[in-house]
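Me: I'd like to go through this structure and ask what stands behind each label. Can you take the terms one by one?

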Amino acid sequence: MFELLLLFSAGLLGGMVNSIAGGGSFITFPALMFVGIPPVSANATNTFASCGGYLSGAYAFKDDLRAHKKELPKLIFIALLGGVLGAWLLLQIPEDMFRTSIPWLLLFATLLFIFGGRINASLKKLGTRHRHASAVGKVLLALTLFGICVYGGFFNAGQGIITLSYLALAGYTNINAMNGIKLLLSTVVALVAIALFIYNDAIAWFEGLIVLAGALVGGFIAANLSKKLSQHHVRLFVIVASIGITIYFFIDTYTKVSS
């Protein structure tokens, strides 16, 4: 019963912070590992549990997405390829190797969450200076998006921040459209990764469904509270939590390795 409440609460809180500030995976992924799910399976299960929030969020921005319907098929195709490759790489890596990489992945995602705003601002300036990109520039942008989607298929946390940075670099300026595209691409990456995870029986369905249920409830609650809650304080909470969780995983991982 304790584990059920823990997973549902993690999903509830993760769904809320995903809707308001982003970073819900810093809560849901460690919770799945805490109840004893192996690292690779916990990561796959977290991708499954997060997908519902991505999908509902993308639907909420459907009107903003229509304004970019011409470029969406290309972006979706790149996301499909990157998501499949990232998920495949996750399934190929030995469990122990992935376990030792978790703190570094969390550290990378934490730094992206903390400094994502500055990165977006810098890339936005760069994107406006080079608005008329050459053919080489367009290829590099496509390769950048492909790499981001590979990362998203491999490790879910932090993908949204990197995707926003890419969109700023690509010259997008409407924040609603950027959030919509970010959520759409996250949905595509998650769905193709989940398909591969299902084929390889990598998802812990019972635990994943509990987290998913909590995330859906949390997202619904946050939709009604988002205008009342301070995004600054929620973001600060996520930063403190992610730093604490990252430090815990460094200590836990390398204490076990040294012993």
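Reply: Leaving aside neighbours within four places in sequence, Asn46 is in contact with Ser25, Thr28, Phe29, Leu32 and Asn156, where contact means heavy atoms within 4.5 Å. Bear in mind that this is a predicted model: local features need pLDDT of at least 70, side-chain atom pairs count only at pLDDT 80 or more, and totals for chains, interfaces and linings use all residues. Residues are numbered from 1 along each chain as its sequence is written, and side-chain values use heavy atoms, with hydrogens and water left out.

Me: Why is Asn46 called buried?

Reply: Buried means under 20% relative accessible area, exposed over 50%, and partly exposed in between (1.4 Å probe, protein chains only). Asn46 has a relative accessible area of 1%, so it counts as buried. Its place is in helix H3, residues 39-60; helices here are DSSP runs of H or I with at least four residues, strands are runs of E with at least two, and both are numbered from the N terminus.

Me: What makes Asp63 and Arg66 a salt bridge?

Reply: The label asks for a side-chain nitrogen of Lys or Arg within 4 Å of a carboxyl oxygen of Asp or Glu. For Asp63 and Arg66 the closest N and O atoms are 2.4 Å apart, and the structure holds one salt bridge. The two residues are three apart in helix H4 (residues 62-66), so about one helical turn separates them. Both Asp63 and Arg66 are exposed.

Me: What makes the buried residues of H5 one side of the helix?

Reply: They are Leu72, Leu75, Ile78, Ala79, Gly82, Gly83, Gly86, Ala87 and Leu90. They cover an arc of only 155 degrees around the axis, which puts them on the same side of H5; the arc is that of the directions from the helix axis to the C-beta atoms. The face turned away from that buried side carries the exposed residues Pro73 and Lys74.

Me: How do you know that the span of H5 is close to the expected one?

Reply: The expected span is 1.5 Å times one less than the number of residues. H5 (residues 72-92) has 21 residues and reaches 30 Å from its first C-alpha to its last, against an expected 30 Å.

Me: What makes Asp201 exposed, and what is its phi?

Reply: At 63% relative accessibility, Asp201 counts as exposed. Asp201 lies in the loop between H9 and H10, and its phi is near 55 degrees, a positive value in a residue other than glycine. Most residues other than glycine have a negative phi.
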